[in-house]
Amino acid sequence: MMKATLILANGSVFSGTSIGGTSERICEMVFNTSMTGYQEILTDPSYAGQGVVMSYPLIGNYGVNHEDNESSRPWVEAFVVRHLSPRGSNFRCEGTLNDYLKEHDITGIQDVDTRALTKILRSQGSMNGLLTCAEHFNVAEVLDRLQKYQVTGTVERVTRKEPEVFPAQGEERFHVAMLDYGVKQNMINCLVRRGCKVTALPASTPAEQILSGGYDGVMLSNGPGDPAENTQIIAELKKLYDSTIPLFGVCLGHQLLALATGARTGRLDYGHRGGNHPVRDIEKNKVFITSQNHGYMVLADSVDPDVAEISHYNVNDKTVEGLRYKRPNCFTTQFHPEANAGPKDTEYLFNRFIDSMGGAR
């Protein structure tokens, strides 16, 4: 079996066994605490430019299949696990995770102490790393390369280049424009199941084109990278906000609309990535378990109370998890209500979006 080595920007070196592809990878290393859903994580465009450390020790035990992909291809640069199951046991299994990683040239490593690695990323923050299968390398040279590496331009990289239409299931009730900043397929599916025809649009689509397109509402999708670098997208969102069309933003879409309305965003030390994050819905006075994947947040003290109010907050660290805008039919969430493999506790937010479009019509 081939040796693989992970070198972090703080100088830590982890040796293990190669899995998947063998190409050298430099990326931002982050950790995810999910026990399941590794295929959805690999194909989530929000991970573009990142390597993922799975903190749960056994990964790949139910294999992979074509139905669970969240996009047309994987976006994760590198994959780190404690133990990769050599086979998948599931009635839907179509192949092993290792073969899937090889097919898509995703460089991976197993036999790594992922608990120790996760503790480093949690205490010192997400940092760049290099994963290599080379027998010999210069650590000082690697550290210099890691210091210079930056994840940029990711939304442009992952967004659709042309519009794509998804018909409603059953009777068509509404037509939704989905601004694709790196949208997960299940977000589209949640609307389609509720009788919405969805047109997924490139991230750079002008507001004027959307407002003249006959849509009943607009969803602002999840996506990768630093929200503040998307200045042109933010300018177009300001125009959408100044209209009357219903808006619902998730994750990156939540952050971008906040920036468009005068709030600020900041970087979390190690991000929220996993399927077990508790979030309180202030209006319902209930805590919901949510799926999350983000490294940035909307800064609570930057939200103008005349523009929006905080609707959800994270129970663990009290960061902003949702905004309800004073402008009618407009709300956003930091977490993922469309979560696959779960939890699905907050899918009620799609019903709220449907209701907002009905009110507008």
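Which residue is the bridge partner of D180 in β12? The partner is P202. Welcome to this predicted model, in which local features need pLDDT of at least 70, side-chain atom pairs count only at pLDDT 80 or more, and totals for chains, interfaces and linings use all residues. Residues are numbered from 1 along each chain as its sequence is written, and side-chain values use heavy atoms, with hydrogens and water left out.

**The sheet**

- Strands are DSSP E runs of at least two residues, helices are H or I runs of at least four, and both are numbered from the N terminus; two strands pair if DSSP finds at least two bridges between them.
- β11 and β12 (residues 196–202) run parallel and are joined by seven bridges.

**The nonpolar cores**

- The largest nonpolar core has 33 residues, and L179, Y181, V218, L237 and Y325 have the most contacts inside it. Such a core is a set of buried Ala, Val, Leu, Ile, Met, Phe, Trp, Tyr and Cys residues joined through side-chain atoms within 4.5 Å; buried means under 20% relative accessible area, exposed over 50%, and partly exposed in between (1.4 Å probe, protein chains only).
- Helix α9 gives this core its largest share, six residues.
- L237 touches L179, Y181, L220, L256, L257 and A260, not counting residues up to four places away in sequence. Contact here means heavy atoms within 4.5 Å.
- There is also a second, separate core of 27 residues, including M187, C251, F335 and L349.

**Two buried polar residues**

- E28 sits in strand β3 (residues 25–32) and counts as buried because its relative accessibility is 10%.
- The side chains of E28 and R267 are joined by a polar contact of 2.3 Å. A polar contact is a pair of N or O atoms within 3.5 Å; within protein, one must be able to donate a hydrogen and the other to accept it, and residues adjacent in sequence count only if both atoms are side-chain atoms.
- N314, in strand β17 (residues 308–314), counts as buried because its relative accessibility is 0%.
- A polar contact of 2.9 Å links the side chains of N314 and E321.
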